[in-house]
Every structure is written in structure tokens, then in C-alpha cells.
Amino acid sequence: MKLHGHYLRLHSRYGAEAEAELTLDELAGALDCTHRNAMNVVRSMVEHGWVEWISSRGRGRRSTLRFLAAPEEIASQSMLKAMATNRHAIGRSLAQLQGHVRSAALQEHVQGWLLGYFGHSTELRSNKRIDTLRLPLRQQLQTIDPLSMNLLAESFVASHVFDGLVRRANFANSDTLDGNVTEEILPGIAHAWEVDASRKRWTFYLRKEVLFHNGKIMTADDVVFTLERLIGTSRRTLYSVIFKQIQAVRALHPNVVEIELIEPNELFLPLLCTSRAAIVPKELGQLGEHFGSRPIGTGPFQLTEMSDGGCVLEAFGSYFQGRAHLDRVEIVHVPWGLPEEAAEPSSPFHLIHNPAEAGSGGWSQIHSRTTVRKFVTCNTQKAGVMSDPELRAKLLACLREDSPAPAVHSTAISIAIATVEPYRHDAEWLAQQLERHGYSCTVATASVEAFKGPIRLESDLIVFSLLRDQDEQLRQFDLYQTMSAHIEPHTRLDIEKRLQAIARQADSELRAELFRDIEELLIREHQLYILYERPVQTAYMPSVRGVTFNSQGWVDLRHVWFPPGT
């Protein structure tokens, strides 16, 4: 596959014409290797019939390189070879192929290859049936450490490797259709809990002999370590505002933990359901930075492999809530769209496929009730157009579909737009809309981690998103706390008062009303504009059984199963 990459690199640089003349120095520079290795590469390509090389002897003399193979063909060969021999290289091969697609027919072939590669398979090992599910994931995994995760894909994997003290009830597709989705909080590692009259002191009673994947028994000391690690981090993590409300964590007994809050917060128990609050072993420090790629949890699957190309999960036979039906899950990084994927481009794939039924056309769509909302906020703390309410209103009006004909400013107003890299497309659309109306726009993107830094406060407009799942109120609480750093002081005070009321409100429906008040306030003051909202769906085949969703709208792999013979 490395030779395929070399060919594509040469074709990208010199393939504008059927042949190119270049020196050995230029060839070695293009391939980033020595003269000797460059000639070895060319000889291999000649042997494969990909190129013709007419050599001219003498230093500085130009030789002729003639391309005989289409780059799409070479990229396709690379991907098919990766599928057959090295799943970790599939993402890289697909990225190469994506850069050389020239026809709809080739793209259709690629879709077919992918759908044939992913899905359920069964093999016999020592007379034992091994059920494997192979899933594509658009987002590339960086870490599975609950403290460091930034991506939805990482949270998805972590939800199968770790457990929390408590969890939200799963829901099925029929629940979403009937409107019967429950927000009930169920036992997890803790089998029971109670809170005192002040709503500040919480006591959790842990299950006995819950095992980590390394065989060690989980105790209250691990819970204390986990929560103190979250409290003590200097990282700006999701939900950190609520974690910082923990005043003390104490192990009263090997199976009893007491958590004391600084002040009551009715979002605390829902917070403990998230993968951010997943319990990790107190010996984590011995693993150091490797814990993110070699995590040890108590969950239904243990992670046995992880690389840039994805990861492998294997069923943990001693899982305290019952063994998973699947034996193995291979998750492969695939930077390529599938026809059945969700409409939201920043979402990871939700696809459960059975190749045996690929020709039946029997795909179904499950709606998990989860949607992604994209919106833009104004940085009113930066001097300039955003600090003027009338100018903000005029600018945001340009984004409406019914906005009047573009009016060109005599002097273009400069607008800096910032977002995370996956939302670049939305930010560029925003820039195009404003430029039609005479604004001069720049778009800056950053990684999720870097976006927590100064880039937001240096911009005029910020493109955000909100995943509207069962944890929506937690996300809203964190979002509005973050937004308060770049909105007008009087609005910030109003929002802070409402957030304080939300934290003390036990009724989730009343909390939802307060969150709507905040949203309406920001829209009314032209500090928030909703771009769109799209559903996250899961495509699956009828033979897939046990499909239920967790609080984030992810399919819970522990319950997925396939009838024998499918």
C-alpha cells in the first residue's frame, strides 16, 4: 500500500500531463527519500505496469516519467488491499481515494465495497462461534480516557468500556415513535443511593465484587480517585462547572461513597450518568499517558487494540450486568460518506449492517430522538460591530432565507468567524452569506481542545453546536456558562441568575422552561442565531436484533445480536 501512496503523490505533482520530465533530485524530493530508494520505487511501478520511465544518464539530466495507470484505479487497489490485510490502513487508503475520485461510478463502487466490508460476520474458533460486528466511524479516535475525551466517537467507545455510578434507561425505536422515552435514572455501579434534606450530601452504595478488566475488584477508593481526578484537573472539560461543585468525596466503607456538594445542584445526578463521570481504577497513575489508548474499565467490552485506524472491543465475560451477545466489535476510522448515514455531517456513522442482506434493499432507519443543532453566537466582548446591538441585528438578518437583496457597504466590515474543524463547512457557508451582503469574512478553525483557548475571544462570530439528547440539559448548562464569557455584562447577569435557578430546580420540565427563557433572551438581543437542526439516525438491516439507544442516542452494542445463520 505504500507503493500506491507513492504513485498517487507523483501523479498529484506531475500528472497534469500524460508524461513529465524531471531530474533524479526532483524525483527523490517528491518521494521524500534518497536517490537510490527513489529509483527502487520507480522500478517497482514499472514492474506493476503503472508507469514508463525513460532514463537520461548524467547529473542534472531530465528523464521522462509517463503515467499509464489512472489514479482512481491505484487508490482503489490500495483500499481493497487494506480491507483484505490491514483494517488500520483503510482510513488512509480512503482518504487517498477521496482525493482522486473523478466519476460517480467509482464513488458508487466505493460505497458498495464499504457496505460489503462492514457489518456482521461469524467464524468458528476451536468449535466456538465468534460473532463480530465491524463498524465505520468518521471521527478519528484520540483517547478513551473519560477525563480527556472531546469527540462523540470517543464517548461512544467509552460508554462500552466504562460504567458510571448510575445510568439513564435505554430506549428502543418504538419508544421514540410512541413518545414514551423515559428520563429515568437507574443503578449502575451503585445499586442504591440517597440524598439528605439539604440536597448537598449524596451517599452511594456500590455493588459487591464488580471487576475491572484486569481482574481487580472495584471499590469505593476507585470512585474517590475518579471524582477527585475530575475535580482537580486544570483542563476545561465538558461539565467541569458542575464537577467543581463537589466539595469532598469520602469512602465510608469499601462499598459506600459519600459525596458532598458546595451547594445543591439538581443536575448532579444526571451528570453521574455521563461517560465523563465513568469510574476508572485508582492505579491509573501507573499507566500514565497510555491510559487513553489502553483503558481499563468495568464495562461490557474491553479495548484490546487502538490505533489511528480505529480500535477493537472484545466482550468482557465477567461483566456485572451480563455478558454482551457480540464477541468482538471492530471500529474502523473511515473518512468517507455512506448513503445511509445521518444528514448531519459532523456526526460519526450510525450503521449496523448485515452483508448477507445487502442485496435485499431492506435498509430501515431508526430515529433515536437525538438531533444536532448548529448556531452562531456573537462575541460582544470584542470591540467592533458585535458590541452594537443594531449592527448585530442587521448582520444576523442577512442569514435569513427571506433577507432582502444584498446591499454592498461602501467600506467592507471585517468579520472574523471561528469554529472547530468539523464545522468548517457551516462557517464557510456563513461567510458566503455575509459576503453577499458586503461583509469581508475570514474563517479560523481549531481542534476541539485548541478551541477552548483564546481563538473564541479573538473572533466576532462563533459557530457552535448542541447535541440534543437525554443529556441536553447538562449540555445547555455547560454551553451557557461558556457563552457568558463573550456576551454583554447585563445579559450575562440575567443568564447567571437563570442558571442558578436551574441548578436548584428538581423538576426537569421546569428546568427546560428556564433554558428556553435563556435561548429566547439571547435571540431577542441578537446574540444567538440558530442555523439549523438535523436528526441523527441509525441505518440497520432487519436481521439486527436488540437495537436500543443510550442517553446520547448511541446504539448500545451490549444488547445487539444476530440470529444464527445470518
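Lys 374 lies over the face of Tyr 423, 4.1 Å from the ring centre. A charge counts as over a ring if NZ of Lys or CZ of Arg is within 6 Å of the ring centre and within 35 degrees of the ring normal. The model is predicted: local features need pLDDT of at least 70, side-chain atom pairs count only at pLDDT 80 or more, and totals for chains, interfaces and linings use all residues. Residues are numbered from 1 along each chain as its sequence is written, and side-chain values use heavy atoms, without hydrogens and water.

**Charge over ring**
- The charged end of Arg 534 sits over Tyr 532, 4.0 Å from the ring centre.

**Aromatic pairs**
- The whole structure holds nine aromatic pairs (rings of Phe, Tyr and Trp, its six-membered ring, with centres within 6.5 Å; planes under 30 degrees apart are stacked, over 60 edge-to-face, the rest tilted).
- Trp 202 and Phe 204 are stacked, at 6.4 Å centre to centre and 15° between the planes.
- Phe 375 and Phe 464 are also stacked, because their planes stand at 25° with centres 6.0 Å apart.
- This pair links distant parts of the chain: Phe 375 in strand β17 and Phe 464 in strand β20, 89 residues apart (strands are DSSP runs of E, at least two residues; helices are H or I, at least four; both are numbered from the N terminus).
- Ring pairs join Tyr 7, Trp 50 and Phe 67 into a cluster.

**Burial**
- Phe 375 and Phe 464 are both buried (under 20% relative accessible area; exposed is over 50%, partly exposed in between; 1.4 Å probe, protein chains only).
- Trp 202 is buried at 4%, and Phe 204 at 0%.
- In helix α15, 11 of 12 residues are buried, including Phe 477 and Tyr 480.
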